Amino acid sequence: MTPTAAPPRTTAPDRAPAPPRRRSRTFASAGPARTALRYLLLLAVLLLVIGPFLWQLSTSLKSADEDVYTATPHFLPQSPTLANYAKVADTIPVWTYAANSLVVAAIAVLGNVVGCTLAGYALAELRFRGARLVFGLFLATLILPGEATIVSQYVTVRSLGLADSLVGVALPGALAMLNVLLMRTAFAAVPPELDQAALVDGANVWQRLWHVGLPNVRGMLSVIVIFTFIGAWDDFLWPLIVLNDPQKYTLTVGLQYLNGTFSANPRLIAAGTMIAFLPIVLVFAVCQRFFFKGVEEGAVKG
């Protein structure tokens, strides 16, 4: 037999060249004109946001000899002084009002952290009859504005004997439906494999919540703490309705005494505004690192 010739070897087709990678566009990757425009827009937004705050701070530091009603006012105080802050304490019991606001904010923050965490975990991880109905009711409460239920809230607080008390002021805000939905979303983002692994290891519901759920939602918890504190601290309408005793007024309600019927000193009003603003800055400074740390780490540590 004559050997047959081997079939010709076929060469693999050349691979298509990989498409060029697109360079990630950063803030300054555009042209000089666009970059300058972006910085100008950021500067304009910054001035709109912190401009009123800086003006109030400047007014609170101006002396009595400086005219704040002039047509061309000076942004920087000509002779800065802290006497306005001392006059605020002499005019109203500002520290008593600040303590009352702190009590109300603490009750509201504690109620939201505990209550919203438990409700959010139950809606996200536990299976029970009527879960969808409960979730729908939570969503339905967000449709109504707060002013629509303020009368029923007052009737409820008065029937409980909590009218003209700090507990009555803090009670309606001690559990916010929006915070419950935020915690449910945070717990639902945790991979179910972690919860199932803890369940296989024999962990009960409380252990799974404490060791698996809470470490992964610290960022959302700090968001709830910050916004709940700000909402309770800055609230004016509800404390004004509930409280009758001037000694129990919160700071936002008590500051109205700085605005007299026939005359008003804008320096004292600005100083009182700064006193009311400082605790918010402190709370945000304490909680913001946990918030940003939770955002950077993501839902679960890798």
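Select helix H7 (residues 177-188) together with helix H10 (218-234), and turn the view until you can see how H7 passes H10 in a right-handed crossing (a crossing is right-handed if the near helix is turned clockwise from the far one by less than a right angle, and left-handed if anticlockwise). The helices here are DSSP runs of H or I with at least four residues, strands are runs of E with at least two, and both are numbered from the N terminus. This is a predicted model, in which local features need pLDDT of at least 70 and side-chain atom pairs count only at pLDDT 80 or more, while totals for chains, interfaces and linings use all residues. Residues are numbered from 1 along each chain as its sequence is written, and side-chain values use heavy atoms, with hydrogens and water left out.

The axes of H7 and H10 come within 10 Å and cross at roughly 170°, where axes are lines fitted to C-alpha atoms, for helices over the stretch in contact, and angles run from 0 to 180 degrees between N-to-C directions. That angle makes H7 roughly antiparallel to H10, given that angles under 35 degrees count as roughly parallel, over 145 as roughly antiparallel, 65 to 115 as roughly perpendicular and the rest as oblique. Now show the side chains of Asn179, Leu182, Met183 and Ala186 in H7, which meet Met220, Leu221, Ile224 and Thr228 in H10; contact means heavy atoms within 4.5 Å. The residues of this contact divide into six nonpolar, two polar and no charged (Ala, Val, Leu, Ile, Met, Phe, Trp, Tyr, Cys and Pro count as nonpolar, Asp, Glu, Lys and Arg as charged, and the others, Gly among them, as polar).

On the H4 side you can pick out Phe135, Phe138, Leu139 and Thr141, which meet Met177, Val180, Leu181 and Arg184 in H7. By class, this contact of H4 with H7 has six nonpolar, one polar and one charged residues.

Next, select helix H3 (94-125) and helix H9 (residues 205-213), whose axes come within 12 Å and cross at roughly 110°. That makes H3 roughly perpendicular to H9. Thr117, Leu118 and Tyr121 in H3 meet Val205, Trp206, Arg208 and Leu209 in H9, and the contact has five nonpolar, one polar and one charged residues.

Which residues have the most contacts inside the largest nonpolar core? Select Val88, Ile92, Phe229, Trp233 and Leu251, which are those residues in a core of 34. A nonpolar core is a set of buried Ala, Val, Leu, Ile, Met, Phe, Trp, Tyr and Cys residues joined through side-chain atoms within 4.5 Å, and buried means under 20% relative accessible area, with exposed over 50% and partly exposed in between (1.4 Å probe, protein chains only). Elements that give two or more residues to this core include H3, H10 and helix H13 (266-297). Centre the view on Phe229, which touches Leu102, Ala105, Val109, Pro279, Ile280 and Val283, not counting residues up to four places away in sequence. A second, separate core of 15 residues includes Phe138, Leu181, Phe187 and Leu209.

Moving along H13, select Ala276, which counts as buried at 12% relative accessibility. Leaving aside neighbours within four places in sequence, Ala276 is in contact with Trp233, Leu251 and Leu255.

Then go to Val68, in the loop between helix H1 (32-60) and helix H2 (83-91), which counts as buried at 17% relative accessibility. Draw a distance between the C-alpha atoms of Val68 and Pro266, which are 198 residues apart along the chain and separated by 8.0 Å.

Finally, zoom out to the whole protein chain, whose secondary structure comes to 13 helices and zero strands. Of its 302 residues, 30% count as buried.
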